[in-house]
Amino acid sequence: MIEFAAITSVISKYAPQASQLIIKQAQKNEVVIKILQELKLNPTQIPDDIDGVYAYTLVKYGVFKPEAILNLFREKVVKDYFWNAYSNSVPFQFVENTKKFINQNNALKTQIITAKINFLAELEEFGEAFIAVAKQTKNSKYQPYPDWNLDVYPKEFKALIFEKTRLFCGRDFVFKAIQKFFTTQPKGYFTVIGDAGMGKSAIAAKYILATKFPCYFNVFAEGRNKPEQFLASIRQQLIKRYSLQNADNADLRTLLQKTSEELKGQKLAIIVDALDEVEQEGNGNLLDLPQNLPDGIYFLLTRRPYNQETKRLTLSPDTPGDELDLTKSDYSALSQEDVKEYIHLFLQNDYKLRTWIQERNISEDNFTQEIALKSENNFIYLRYLLPGISEGKYNDLTLKGLPQGLQDYYTTHWHRMGMDKESNEKKVKTLYILVERGEPISLNMIAEILDEDEYEVKSVLNDWIEYVTPKVNPDEEKIYYSIYHRSFLEFLKGQDKLGKGRKLFREVNQSMANYMLKEIL
């Protein structure tokens with residue numbers, strides 16, 4: 001088998017010109033074939049031995065990559081680290097061993113730092129390329145193919161974390177309080193409390209990005225809010241991160257104890273968002289969170305305000321707990337400053353919004369001050385209103401005429417979309433189906449329930465795209481829809497208190513019942 005160093009040497013000859021900012025996949029594929037031919041390797045017949053698959057992977061992955069990362073993967077010891085982690089299905093062991101190797105090699109470490117290489121992303125991409133090549137050999141020794149996702153949080157949370165942190169700013173007082181608790185206590189629970197839209201999920205997401213700690217996001221509208229789902233996700237994350245043995249069926253207490261034994265003086269926090277959205281019978285702790293935690297283990301929780309009946313988080317005397325309640329007046333001024341910073345950041349990134357302001361002879365400071373007051377420190381209000389202004393949805397309103405607070409925003413938008421008109425009853429029913437379903441639903445199912453064309457249903461959903469989340473199910477190649485934020489879900493539920501709303505809700509329920517009966521029969 002050809003030396004790995006010789007492979008990377010040939011790959012380096014095909015490095016793109018500095019002017020080539022965008023490289024199409026077709027160009028990359030063409031270069032891969034050229035390199036394989038130059039190395040006298042058959043592009044269509046891959047040898048099924050480990051070195052052979054590794055060599056082909058090095059070419060497939062390495063084209064147009066920085067020389068520093070190629071110098072890492074060409075090392076035989078790195079290949080051995082990789083295969084050991086792959087065959088034992090412990091991807092993070094490869095990360096840890098490779099980190100040690102780099103730290104012992106100052107020249108290589110300097111190259112990687114200088115090239116500003118995203119180390120974890122490259123290791124993940126290489127592993128996925130190896131799996132793709134291994135599948136082509138159809139050799140069973142490469143199975144089962146390990147999950148080579150090297151993020152400590154699951155892939156299903158990546159888009160949510162990105163969306164929640166895209167324009168994140170401020171909240172320093174929250175992070176300082178969290179850090180103080182984690183550094184002064186040997187273990188425990190810290191809870192961030194706030195009303196809908198006060199940025200609790202964004203705080204959780206930002207903390208996850210900064211620390212790479214394991215996490216779970218409860219989402220009522222998507223039906224992802226059950227104890228068994230939480231346990232399965234956290235179990236997978238902890239096993240992957242700490243290579244825990246005999247833990248495939250372990251309960252949460254056992255997992256945390258095993259993890260504590262692996263910490264070796266370090267600390268671990270598990271972030272759980274929206275505890276109030278959990279659906280769970282009985283009176284025990286929500287998500288079956290333990291009353292007692294092992295040393296070094298912490299939970300960062302977010303939830304809405306609660307009473308003693310809905311709290312459902314009983315702790316033993318030796319497990320510390322603390323809270324930061326964003327609804328308290330102590331934090332109102334700090335939250336208002338964060339809201340202003342968010343508005344300012346949005347203005348910087350949106351010239352259409354600046355144009356709207358300029359056309360009305362409003363100063364940016366005045367706009368920021370007025371919108372901050374109208375927001376009532378609610379970031380969801382800002383997430384909806386600011387893009388709406390930018391897109392021209394409020395060209396007929398003055399600054400003073402804009403909605404006051406989130407509920408007024410929903411009501412104003414509902415009326416402006418003409419949802420109270422008889423001609424729009426089918427639009428209302430489409431949204432009500434999302435409410436009643438309680439979990440993501442496909443376009444086809446909505447159309448069948450309403451006995452409407454899919455095009456008509458899609459048109460309604462497009463009208464409400466800011467409030468409805470489309471998500472592709474890769475197994476079925478279908479798009480499923482759910483309500484974006486629970487506050488809007490609750491607003492829609494509130495419409496059934498009206499006479500017309502009650503009638504439409506009944507009709508939707510009957511249509512859904514008829515559809516389910518037809519499916520059963």
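**Aromatic pairs, cores and a helix crossing**

Student: Is Tyr207 buried or exposed?

Tutor: Tyr207 is buried, with a relative accessible area of 7%, where buried means under 20%, exposed over 50% and partly exposed in between, using a 1.4 Å probe and protein chains only. The model is predicted, so local features need pLDDT of at least 70 and side-chain atom pairs count only at pLDDT 80 or more, while totals for chains, interfaces and linings use all residues. Residues are numbered from 1 along each chain as its sequence is written, and side-chain values use heavy atoms, with hydrogens and water left out.

Student: OK, how many aromatic pairs are there?

Tutor: The count comes to 48 aromatic pairs, taking rings of Phe, Tyr and Trp (its six-membered ring) whose centres lie within 6.5 Å, with planes under 30 degrees apart called stacked, over 60 edge-to-face and the rest tilted. Tyr207 and Phe213 make one of them, a tilted pair at 6.4 Å centre to centre with 40 degrees between the planes, and Phe213 is buried too, at 14%.

Student: And why is the pair of Tyr216 and Phe230 edge-to-face?

Tutor: Because the planes of Tyr216 and Phe230 stand at 80 degrees, with the ring centres 5.6 Å apart. Tyr216 lies in strand 2 (residues 215–217) and Phe230 in helix 12 (residues 227–242), so the pair ties together parts 14 residues apart in sequence; helices (H or I, at least four residues) and strands (E, at least two) are DSSP runs numbered from the N terminus. Tyr216 and Phe230 are both buried.

Student: Switching to the largest nonpolar core, which residues touch the most other members?

Tutor: Phe367 and Ile371 do, out of 64 residues, a core being a set of buried Ala, Val, Leu, Ile, Met, Phe, Trp, Tyr and Cys residues joined through side-chain atoms within 4.5 Å. Helix 18 (residues 379–390) gives the largest share of this core, eight residues. Beyond its neighbours within four places in sequence, Phe367 is in contact (heavy atoms within 4.5 Å) with residues including Ile343, Trp356, Leu386 and Leu399.

Student: Last one: how do helix 3 and helix 5 cross?

Tutor: The axes of helix 3 (residues 50–62) and helix 5 (residues 76–87) come within 12 Å and cross at roughly 110 degrees, the axes being lines fitted to C-alpha atoms over the stretch in contact, with angles from 0 to 180 degrees between N-to-C directions. The two helices are therefore roughly perpendicular, a label for 65 to 115 degrees, whereas under 35 counts as roughly parallel, over 145 as roughly antiparallel and the rest as oblique. Ile50, Asp51 and Tyr54 in helix 3 meet Val78, Lys79, Phe82 and Trp83 in helix 5.
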